[in-house]
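Work through the exercises below with the sequence and the coordinates open. Each task is followed by a solution in steps.

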Amino acid sequence: IIPIYNTPNVDLQRCFDSMLDLEPISHEVLLIDDGSEPRVGDFCTGYAAQHPSFRYIRKENGGVSSARNLGISQANGRYLTFVDADDLIFSKVLAEHMPGLDAPDLVIFDMLLTQRGEDSIWYAFNLEEGPLDREQVLYQLCTASSISGPVAKLYKTQLLQANNMQFDSQFISGEDWMFVCDYVMQAQSFLY
């Protein structure tokens, strides 16, 4: 799910292109346009026309939370993830770590941050990769900002939809953290 609001075309191109390595996995990319200028819609519809796994959905401007919520309601896959329109996803890493049939409810990844031309890895946990328990995830949510946002995670779509979990559109900040906390309280299994 990619919420979009007046993102420059060059950033959209980079973001969308980063998802093309997902082709071996059955997937969809939901481009949720939150009332952008017409040039954004033109770019997105053109891109979606060339790539059948991309679906463009335009809505009235309501903020990033409402765009993500619409994406949750429209998602068809077993898992979903959120990607900001000016970010990249490492599709090969995601493809290599796609959960199997007895998969966890939440998969958490590290992030690579680029600021002022410098790359740094933002580690979600100071632990070895592997299973986690709810207490470890909640502790990290309450003591560090490394996993407070909705990105760099795989969520089970059915768990989100069955529990009607959404971002609170009334909040301008903190809604990400509240959404992740709500999901962690509903989830039963976790993997880093």
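**Exercise 1.** Determine which residues of helix 3 are buried, and which elements they pack against.

Solution. Step 1: helix 3 covers residues 64-74, and its buried residues are S65, S66, A67, R68, N69, G71 and I72. Buried means under 20% relative accessible area, exposed over 50%, partly exposed in between (1.4 Å probe, protein chains only). Helices (H or I, at least four residues) and strands (E, at least two) are DSSP runs, numbered from the N terminus.

Step 1: these buried residues pack against strand 1 (2-4), strand 2 (29-34), strand 3, strand 4 (79-80), helix 6 (157-162) and helix 7 (175-186). Contact means heavy atoms within 4.5 Å.

Conventions: the model is predicted, so local features need pLDDT of at least 70 and side-chain atom pairs count only at pLDDT 80 or more, while totals for chains, interfaces and linings use all residues. Residues are numbered from 1 along each chain as its sequence is written, and side-chain values use heavy atoms, with hydrogens and water left out.

**Exercise 2.** Locate K59 and list its partners.

Solution. Step 1: K59 lies in strand 3 (residues 54-59). Step 2: K59 counts as buried because its relative accessibility is 16%. Step 3: leaving aside neighbours within four places in sequence, K59 is in contact with I32, D33, D34, G35, S66, A67 and L70. Step 4: the side chains of K59 and S66 make a polar contact at 2.9 Å. A polar contact is a pair of N or O atoms within 3.5 Å; within protein, one must be able to donate a hydrogen and the other to accept it, and residues adjacent in sequence count only if both atoms are side-chain atoms.

**Exercise 3.** Describe the chain as a whole: how many helices and strands does it have, and what share of its residues is buried?

Solution. Step 1: the chain has 7 helices and 10 strands. Step 2: of its 192 residues, 44% count as buried. Step 3: the C-alpha atoms fill a box of roughly 45 × 40 × 35 Å along the principal axes.
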